[in-house]
Amino acid sequence: MTCTVLTAGHYKAAGNPVEPLSDEMRAYLQSGIDAVYELFLSAVERGRGVSREKALGMADGRIFIAGEALKAGLIDRVCSREAFIHHIKESTFMDLAELRAAHPELEGALRAELEQGQAAAIEAARKQAADDERDRLLALADAVLGTDADRLTAVVRSGITPEQLTALRPLLKPQGASDDPYRDAALKTLAEAAARPLDSLSGPAAENDFLSLVRAEMERSGATRGQAMAEVARRHPKAHAAWLAAMQKEEA
């Protein structure tokens, strides 16, 4: 059988199995092998911290099993995959001071990322507090207004502002309808409560507010009094602290 090698480029078929290897092609292939071997020896010197003479003895082309490689100094340990991952985690731990010293350029980026995450968490907490306060006021409105509370709930859920609703009130009020002082007073009280910052709770008012929050939570979720108190204390720590202070003052 006769084989013909078709190539483009003088060295393209160097080392093919069907033609004798010329001195030129042998030198060309050997130069590439020697260059790669030199890179490997340099890597062994740096990685294992040994001299060139020692590296030549370690990287002479032999294949080592794990125990032999450890004895020759080619590896540091023989262990399982899980143990190796644990070792990597332990050996690469870096506290803030070490990070600042080793990678000063990363500190600012990491700090900015942390602050961004904290800002997002704070914003989410504020939104949750606003939603909780809205639900509390709607629960109170339901207790005060009865069936009329459904209309108030629909208005609140629509997202309309108090200013917009005030401007539209003359158009929405039925002809000949009379004002209900009790209902108006209740709505005014709820509006004032909604306008009061959550963090301004203190004194006896805070005590009453905490208990009203507990009642609203019981009505909203069907929780027991103890469960409701625990949940409200978690959501409104300042109101809870003021209530505890008032209770301790009474006991004293």
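Trainee: What's the relative accessible area of arginine 52?
Mentor: Arginine 52 comes to 28%, so it is partly exposed. Buried means under 20% relative accessible area, exposed over 50%, and partly exposed in between (1.4 Å probe, protein chains only). This is a predicted model, where local features need pLDDT of at least 70 and side-chain atom pairs count only at pLDDT 80 or more, while totals for chains, interfaces and linings use all residues. Residues are numbered from 1 along each chain as its sequence is written, and side-chain values use heavy atoms, leaving out hydrogens and water.

Trainee: Which residue forms a salt bridge with arginine 52?
Mentor: Glutamate 38 does, with the closest N and O atoms 2.9 Å apart. A salt bridge here is a side-chain nitrogen of Lys or Arg within 4 Å of a carboxyl oxygen of Asp or Glu.

Trainee: What does that pair tie together?
Mentor: Glutamate 38 lies in helix 1 and arginine 52 in helix 2 (residues 52–58), so the pair ties together parts 14 residues apart in sequence. Helices (H or I, at least four residues) and strands (E, at least two) are DSSP runs, numbered from the N terminus.

Trainee: How many salt bridges in total?
Mentor: The count is 9. Some are linked: Asp132, Glu217, Arg220, Glu231, Arg234 and Arg235 form a network.

Trainee: Where do arginine 235 and aspartate 132 sit?
Mentor: They form a salt bridge, closest N and O atoms 3.3 Å apart. Arginine 235 lies in helix 11 and aspartate 132 in helix 6 (residues 104–145), so the pair ties together parts 103 residues apart in sequence. Arginine 235 is partly exposed at 26%, whereas aspartate 132 is buried at 9%.

Trainee: And which side chain meets arginine 235 at 2.7 Å?
Mentor: Glutamate 231, in another salt bridge. Both lie in helix 11, 4 residues apart, about one turn of the helix.

Trainee: Which residues of helix 11 are buried?
Mentor: Ala228, Met229, Val232 and Ala233 are. They cover an arc of only 130 degrees around the axis, which puts them on the same side of helix 11. That arc is of the directions from the helix axis to the C-beta atoms. On the other side, Ala230 and Arg234 are exposed.

Trainee: New topic. How many aromatic pairs?
Mentor: There are 2. In one of them, the rings of tyrosine 11 and tyrosine 28 have centres 4.5 Å apart and planes at 35 degrees, so the pair is tilted. Rings of Phe, Tyr and Trp (its six-membered ring) pair if their centres lie within 6.5 Å; planes under 30 degrees apart are stacked, over 60 edge-to-face, the rest tilted.
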